[in-house]
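Here is a short report on a structure with several chains. Look at it first, then read on.

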Amino acid sequence: MIDPTPTPDVAEDLGSGTDEPPAGEPVMRLQDVAVAFAGRAAVRSVSFDVYPGEITALIGPSGSGKTTLLRALNRLHDTERSASVTGTILLGDTDVNADSTDPTLLRTRVGMVFQRPNPFPTMSIYENAVAGLRFNGVRKKALLDEAAESALIAAALWESVRDRLKAHASTLSGGEQQRLCIARALAVEPEVLLMDEPTSALDPIATTRIEELIGELKHRVTIIIVTHNMQQAMRVSDRCAFLLMGEDKAGELIEVGPTGRLFSEPSDPRTLDYVNGRFG
Amino acid sequence: MGAIFVGLVAWFIISMIVQARPAFSTLGFSWIIQKTWDPTHNKYGLLPFILGTVETTAIAMVLALPIGLGTALALAYLVPHRVRQGLSSAVELLAAVPSVVYGLWGLIVLAPLFREDVEPFLTSILGWTGLFNGPNEGVGLLLAGIILFVMVLPTMVAISRDVLAVVPSEQVEGAMALGATRWQVLRKVVVPGARTGILGAFTLATGRALGETVAVALVIGNSPYIAHSVKSTASTLPALIVNNFGEATGTELSALFGAGLVLLLIGITVNAVARVLVRSTARSGAASAAVA
Amino acid sequence: MTTLTLDASTDPILERRRAIQDAAATSLGRRKISSKIAIGICWAFLAIAIVPLVAVIVYVVVKGLPAWNTDFFTQSTVPEGIPGGGVWNAIVGTAEIGFFATAVTVPIGLLCGLTLAESDGRIAAAVRFTADVMTGMPSITIGIFGYIAIVKTTGQYSGLAGAFAIGFIMLPVIMRAGETAIRGVPRDLSEAALALGARRATVARRVLVPAALPGITTGVLLAVARGLGETAPLLLTIFGNQYLQWNPTKPMEALPLVIYNNSSQPYANLLQIAWGAALLLMVVVLVLSVGSRVLAVFLQRERR
C-alpha cells in the first residue's frame, strides 16, 4: 500500500493532469476503512485522504469494491443489516461512522449522484431540485428558490428549464435528468459530492457535457467519483485511487496519487497493468 | 373462443335488464330512490338499501385505507427480509376464507361483543357526534362495516404491498442520500410512486365490499329502514335480494331484479375503474383469483 | 470547510450552507420523532390487520372441531328442532357442484386463456378487460343470472343451476390465470416447435400448456377454492335439500348454504353443525390455496 501523501519530489515530476500539491487540510480522511457483508469482506483496509477543491477518482476493474467503498462514505450501508463498516472515516472533525453522528445530517454534508438518473417521477423539476432542502426542514421560499436557481445554474440546466420548472422531471432527456439529479444534490450545499459512475448510463454527448460540468463543479464541492472508464478518470480527475479485487474477492487499495503521475509512472506494477489496459 | 365468454357476459347483462323491466314499466323510474320498502302496500323504494350498501362500505373503506396502507408499507419495507414472504403469503391466504365463515364468526362471536362492550364504549366517547344514538343491539351497520373491513383488508394489503415494493430502489436511495428520514422516504417518494396502484387497490376493495352478500346479511339486522345511527340495524341491496328472493313473486320479484340491476351497474362501474387503475400488475392470474 | 472560496463572510454559497445546516439541525429532532411515530403506527396497523384474521381461524377451529364426529360426516341435515344431524348431503352437493363447475369451466377457460395469450389486438384487450371486471362482480348478481338462465327456464332449482353460476364466477379467473401462465412461457420454446414444422394447435397442446402447467394449476386451484366458498349464488339456484340428493338436476344442499342457514338458528345442534361445516369449508379452501402454491413451486422445480 502506497503512502498517499505525496512528497514534494514526487509532485514535481508529474505528467498530464494536475501537478499541484494538495491545497490545505484534507476534507475527508479514510483510515483502515473496510466493508464486509455477512462476515465476508468486500473492501479491505483502505486509507487515503481527499483534498478540498479536487476531484478524486476511484478507479479499477469491476468488482473491485469501488462503489461499495463510495457508499460507505455517506453511510448508505446503514439500511443493509448484514453490512458492517469498520475503520475511521473523518469528514473534517466528524467521525462519519460514530453512533453520535446522525446519518441524515451527514448526508446533507456528503451528497450523492447515482449511476442511473433517478429524479423523483411524481415531482416537478423545481420540486426535485429543492427536495433535499425540504427533507431537511427548509421552509422559506426565498431560500428554496435561491438554492434551486443556484444549483440549476451550476448544473448547466437553468437556461433550459427556467420556464418550465413545474413540468415533470420525466419530460427531460437522460442527460438532463442526470444534471437535475446533480442540481438536486448541489442544492443542499454539501461539502463533498459522491458520484457513482454518473455517465455510464448516458450517451457520449451527454457524457461529455457532464464531464465538463464536473470539472467546473470542483470549485464548489469536493468530488469523489467512481468510474470504470480510465479515459474519463484521466480527463476529469486530479487524484486517483486504484482498487483491485484480491484473491478473496475483497477489494483493496493498490495505489493512490495525483492522476498524472499514476497514469504515467505508477509505483505498483498492477497499476501499470491496469492503465495499460491489460485487464479490466 | 373468447366469443363464448363475451357471449355469456352479454347474455348475463341482457337478461338482468330484461327481468328488471317489468318493475320499471309498472313503477316508473323514481322507485329506485323511494325510501319505503313495503311489498304489501306495493311500495318498492330502494333508497334504504342503497344507503345501507354505501354506508357499510364507507365504514369499511375509511378503516381499510389507512390500516391497509400502513400494513402494506410495513410488509414491503419494515418487516425483516426473512419474514417478508411468509407474512405476505399469510395475509393473501386470508383472502381465501369464504365470506359466509366471516358472517358466522361476526354473528356469533362479534355481535355479542359489540352489544356488550364495543358499542357502549364507542357511544360513551363518540356519542356527541350524534352518530351513535339508539340501543346497543350488536348487529347493525357498524358490525357489518367492521366485518367488511376485515374481509377487504387482504385485498387492499396484497395489491398495495405489491405496488409499493416495486418502487425502484434507486429512488428510495436517492431520497435517503439527500438526508430524508425513513418516514420521509416512504411518505414523499414511495407512496406517491405507487399511488395509482394504491388507488386501484382501494377501488377493487371497495367493489368487493359493495357486492358482499352473505356476511353482511348475517350481521346487519335486516331492517328495511334508513339507518339513523351507526348502531342501527339496516340492510343492503345484496341482503335485500338474498333475503326475499325465495318467496317473492310478481312486482316484488321484478323489483328485486331491478335491485340486482342497480347492483350490477354499480359493480361494473367500480370494477372497471379499479381495473383501469390497477392495470393488471405482475401477479395477474393469481391476483384475479385471490383478490376478486 | 473548503479553503477555496474568496471571502467566507459574503460568499452566498457558504451562507446558504450555514442556513441549510441550521435548518437541518433544528428540524432533526422533530423529523426523527415523526418518523418513529409514523413507522410505529404502521407496525400497529400490521398488528391490527393480523388480529382479526387470526381470530377467525382460531374460533372456527375451536368451535368447529367438536362438531366433527361420525354423525357429522354421515348424516344429512336436519330441520329446526330435531337433534343431531350432519352435513353429508351438503358435502355431496358441494363436491358435485364443484366437480361440474370445474369440469366445464377449466377447458373453456384455458382455451380462452390460450387464445388471449396469443393475441394482442383490441378485441383481445376488450375481452381481457371484461374478464377482469367480471372477477369482481357481486356474486349475488351472478346468482340471479343463474336463476334466470337455468332455474326459470327449467322450472326448478337444481345443482346444475348452481354449477352454472359457480362456473360463471370461476370462468374469468381461470381465463386470466391461464393467459398469464401461458404468456410466461419463454417464446423460444414454442418457436422451436413451430420451426420444426408443428401446427399451432399441436404446439399449444404439447409445448405451451405443459410448460405453463405450474401457473395454470395455481390459477385453477385458486379459482376452485373461490368457487366452493361462494354462498349467494347457491342461495338462488340450488334451493337446498334436507335429504341426500345425488341427482344434480334436482335441488341440492351445499356446505356454504348450511352455514348460512344455520347461523341464525337458536338451536345449539344446528349452530354446532354450522361451525363444523365452516371448519370443513375453510380447511378445503385453505388446502387448495396453500396446495396450489406448493404444487406450483414443486412443478417449477420439476421443469428444470
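Start where two chains meet. The contact takes 76 residues from chain C and 69 residues from chain B. Two residues are in contact if their C-beta atoms, placed from the backbone, lie within 7 Å. On the side of chain C that touches chain B, helix α1 (residues 12–64) of chain C gives the most, with 19 residues. By class, this side of chain C has 53 nonpolar, 17 polar and 6 charged residues. Ala, Val, Leu, Ile, Met, Phe, Trp, Tyr, Cys and Pro count as nonpolar; Asp, Glu, Lys and Arg count as charged; the others, Gly among them, count as polar.

A word on the source. This is a predicted model, in which local features need pLDDT of at least 70, side-chain atom pairs count only at pLDDT 80 or more, and totals for chains, interfaces and linings use all residues. Residues are numbered from 1 along each chain as its sequence is written, while chains are lettered from A and ligands numbered from 1 in the order in which they are written.

**Chain B**

Chain B has 12 helices and 2 strands. Helices (H or I, at least four residues) and strands (E, at least two) are DSSP runs, numbered from the N terminus. Along the sequence, the pattern is α-β-β-α-α-α-α-α-α-α-α-α-α-α. The C-alpha trace of chain B spans about 70 × 60 × 30 Å along its principal axes. Of the 292 residues in chain B, 59% are buried. A residue is buried if 20 or more other C-beta atoms lie within 10 Å of its own, exposed if 12 or fewer, and partly exposed in between; C-beta atoms are placed from the backbone.

**Strands of chain A**

Strand β1 (residues 28–37) of chain A has two partners listed below. Two strands pair if DSSP finds at least two bridges between them.

| Partner of β1(A) | Sense | Bridges | Residue pair |
|---|---|---|---|
| β4 (residues 83–91) | antiparallel | 8 bridges | A:Val35 and A:Val85 |

β1(A) and β2(A) form a hairpin with 2 residues between them. A:Ala38 in the turn has a positive phi of about 50°.

A:Asp32 is found in strand β1 of chain A. Its phi is near 55°, a positive value in a residue other than glycine. A:Asp32 counts as exposed because it has 12 C-beta neighbours inside 10 Å.

A:Glu197 lies in the loop between β7 (192–196) and α8 (204–217) of chain A. Phi of A:Glu197 is near 45°, again positive in a residue other than glycine. Is A:Glu197 buried or exposed? A:Glu197 is buried, because 21 other C-beta atoms lie within 10 Å.
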